[in-house]
Amino acid sequence: MADRRLQVFHTVARLLSFTKAAEVLHMTQPAVTFQVRQLEEHFNTRLFDRTHNRISLTDAGKTVFGSADRIFELYAEMENAVREITGEISGALAIGASTTIAEYMLPTLLGDFKVRYPDVTIHLKVSNSDGIVSMVENNTIDLGVVEAPVGNKNLVVEHCKRDQLFAIVPPGHPLAGAEMVTFERLLEYPFICREEGSGTREVINDYLNLQHDCHSVLKVSMELGSPEAVKGAVEAGMGVSVVSGATIQKELKLRTLVALNLDPPLDRPFSFVHQKQKFRLRVMEELLEFARAYCREHDD
């Protein structure tokens, strides 16, 4: 309902980038520039200063940006108030999740949510944890679900559930008969790991830093971009790894992998991360509450 020119201007002003705004709004950069110029013509003044490939708000731009913030907050209040009366839950949401969560946790959660709220459209973006946090920071997505600590204190981080990690080896491996293994012993073998920026990789690095008896530096023999690729390499006898317990249920049933408890144990939180907003649309509140209930039910 809001003036499209004002929406486009507000996005550019928040990101201070026409390129990033075009990506967030799913528009071409010329179309974004056109909408901003239309608004500048309406006010008969420049809203941005453009110097050395950087932009900044003029005094008039700062005034329009502050007013736009209040306008969009009122729109959100109005939509929520009307939907409270009608009981309607509809709209579109963009969610981002790290690979492990997107492949093994969200399909069931989002499927159940869609059954309850069929008029809600959900767009899912998949990246590693660093990429998801960046999307939340840039407002490319409404909600992120990540598997690593979030350093940005300006974002809301809410614990969802705990995920235990296990060492995995192929059947017939020298460690396959053990129920428990130290990381120091595991590092005697070629180690297959996720890429830098992955939540799993970050958690493993943090874990190793706390192990006083683990003098070996992590020697990565292979670096892969997904849990499926890591499991496949271990099954092929190319090395050992540490992965989320959620990712190996099928392989354990088929006995193509052997899982070993780590000594000491290693787990991590799955967390929701989103912007601090005074007012959120009702559909976002419903999704958050639905996801919290799902996590409470499935937390081990």
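Is Glu289 buried, exposed or partly exposed? Select it: Glu289 is partly exposed, at a relative accessible area of 39%. The scale runs as follows: buried is under 20% relative accessible area, exposed is over 50%, and partly exposed lies in between (1.4 Å probe, protein chains only).

**Ground rules**

This is a predicted model, in which local features need pLDDT of at least 70, side-chain atom pairs count only at pLDDT 80 or more, and totals for chains, interfaces and linings use all residues. Residues are numbered from 1 along each chain as its sequence is written, and side-chain values use heavy atoms, with hydrogens and water left out.

**Whole chain**

Along the principal axes, the C-alpha atoms fill a box of roughly 75 × 50 × 30 Å.

Switch to a surface. The accessible surface of the protein chain is about 15,600 Å², and carbon and sulfur atoms hold 51% of that. Areas come from the Shrake-Rupley method with a 1.4 Å probe; for residues, only the protein chains shown count as cover. Of the 300 residues, 47% are buried.

Now contacts, meaning heavy atoms within 4.5 Å. Take those between residues at least 6 apart in sequence: 73% of them join residues at least 24 apart.

**Charges**

Colour by charge. The chain has 32 positive and 41 negative side chains. Lys and Arg count as positive, Asp and Glu as negative; His and the chain ends are not counted. The centres of the two sets lie 4 Å apart, with each charge placed at NZ of Lys, CZ of Arg, CG of Asp or CD of Glu.

Side chains of opposite charge can pair when their charged atoms come close. The structure holds 15 salt bridges. Each is a side-chain nitrogen of Lys or Arg within 4 Å of a carboxyl oxygen of Asp or Glu.

- Select Asp49 and Arg46. Their closest N and O atoms are 2.4 Å apart. Asp49 is partly exposed at 27% relative accessibility, and Arg46 is partly exposed at 48%.
- Select Arg162 and Asp267. This salt bridge has its closest N and O atoms 3.1 Å apart. The pair links distant parts of the chain, 105 residues apart: Arg162 is in strand β6 (residues 155-169), Asp267 in strand β12 (residues 266-275). Arg162 is partly exposed at 36%, and Asp267 is partly exposed at 38%.
- Arg296 is exposed, at 57%.
- With Glu289 and Arg296, they are linked in a network of salt bridges.

**Disulfide**

A disulfide is a covalent bond between the sulfur atoms of two cysteines. The cut-off here is a pair of cysteine sulfur atoms within 2.5 Å. How many does a search of the whole structure find? It finds 1.

Select Cys160 and Cys295. Their sulfur atoms are 1.9 Å apart. The torsion about the S-S bond is about -55 degrees, so this disulfide is left-handed. Cys160 lies in strand β6 and Cys295 in helix α12 (residues 282-298), so the pair ties together parts 135 residues apart in sequence. Both Cys160 and Cys295 are buried.

Last stop: Cys193. This residue is buried, at 2% relative accessibility.

Key
Helices (H or I, at least four residues) and strands (E, at least two) are DSSP runs, numbered from the N terminus.
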